[in-house]
Amino acid sequence: MKTSSDLVRDYLTTVEREASALPADRRQELLADLTEHIEVARAERPGAAIGDILAELGDPRTIAATALAESGNVTAGTHPGDDAGAPARRGKVHPLVPLLMLILALPFAMVFPDLPGPAFAFVFRITGAVLLCTSVHWSTVQKTTGVLITAVLPTVVIAAWNLSNGGPEGDTPALVANVAMLALLVGTATWLWRTRRA
């Protein structure tokens, strides 16, 4: 007959095996979290059967599948063991494409201030934001931050500038504001590039 320690070890081993596609540090973090949950539950309910505690945690395969889905390694409906040796899924668009579109929208509008320059810049900005949001290379938080800083903020600033000054004027404050905005865009794109998933 298996002891409580054997049951816990078997449970954690199953989770580890099913989550083998996770990066090692994330997999160890998951196992440490589960171990802590088990220990806390056992301390709070010393008379509870270990089988009941493990059942409350959930099926090891489901836990592994959830962790894999959160990390972007498995598409919905795929069993984690089916692609344990497969690389993470790749996006259809190279991650550099949305970043370049978001960065180049502002210089394009600066170089061609009359129509169709601003219209093309707006299309670049929207297309870059959509490609960024649909990319598999960044987390939801990174996508949201990227879109807010590289697409929404420049649009709001440019609209406010044009409304307050009666239109674009080639004066020094406008140039300084545009250069500062461009530096912010490049900085954000660099951050996104460095934090992207392979």
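Of the chain's 198 residues, 30% count as buried, where buried means under 20% relative accessible area, exposed over 50% and partly exposed in between (1.4 Å probe, protein chains only). What you have open is a predicted model, in which local features need pLDDT of at least 70, side-chain atom pairs count only at pLDDT 80 or more, and totals for chains, interfaces and linings use all residues. Residues are numbered from 1 along each chain as its sequence is written, and side-chain values use heavy atoms, with hydrogens and water left out.

**Whole chain**

Switch to cartoon and you'll find eight helices and zero strands, running α-α-α-α-α-α-α-α along the sequence. Helices (H or I, at least four residues) and strands (E, at least two) are DSSP runs, numbered from the N terminus.

**Three salt bridges**

How many salt bridges does a search of the whole structure find? It finds three, each counted as a side-chain nitrogen of Lys or Arg within 4 Å of a carboxyl oxygen of Asp or Glu.

Select Asp6 and Arg9 to start; their side chains meet at 3.0 Å, N to O. They sit three residues apart in helix α1 (residues 4-18), so about one helical turn separates them. Asp6 is partly exposed at 21% relative accessibility, and Arg9 is partly exposed too, at 47%.

Next, pick Glu18 and Arg61, whose salt bridge comes in at 3.6 Å, N to O. Glu18 lies in helix α1 and Arg61 in helix α4 (residues 60-71), so this pair ties together parts 43 residues apart in sequence. Is Glu18 buried or exposed? Glu18 is buried, with a relative accessible area of 7%, while Arg61 is partly exposed at 44%.

Now go to Arg45 and Glu56, which bridge at 2.7 Å, N to O. Eleven residues separate the two: Arg45 is in the loop between α2 and α3, and Glu56 is in helix α3. Arg45 counts as partly exposed, at 33% relative accessible area, and Glu56 as exposed, at 54%.

**Arg27, without a partner**

Jump to Arg27 in helix α2 (residues 24-44). This one is buried yet has no salt bridge. Which side chain of opposite charge is nearest to Arg27? That is Glu16, 4.3 Å away; Lys and Arg count as positive here and Asp and Glu as negative, with His and the chain ends not counted. Look instead at the backbone oxygen of Leu22, which the Arg27 side chain reaches at 2.8 Å. Leaving out residues up to four places away in sequence, Arg27 touches Glu16, Ala19, Ser20 and Leu22.

**A nonpolar patch**

Last stop: select Leu96, Leu100 and Leu104, which form a nonpolar surface patch with about 240 Å² of accessible area together. Patches are made of residues with over 30% relative accessible area and no salt bridge, joining like charges within 9 Å and nonpolar side chains (Val, Leu, Ile, Met, Phe, Trp, Tyr) within 5 Å. Leu96 belongs to helix α5 (residues 96-111) and is partly exposed, at 36% relative accessibility.

Methods
Polar contact = N/O pair within 3.5 Å; in protein donor to acceptor, adjacent residues only side chain to side chain. Contact = heavy atoms within 4.5 Å. Areas by Shrake-Rupley, 256 points an atom, 1.4 Å probe, with all protein chains shown as cover.
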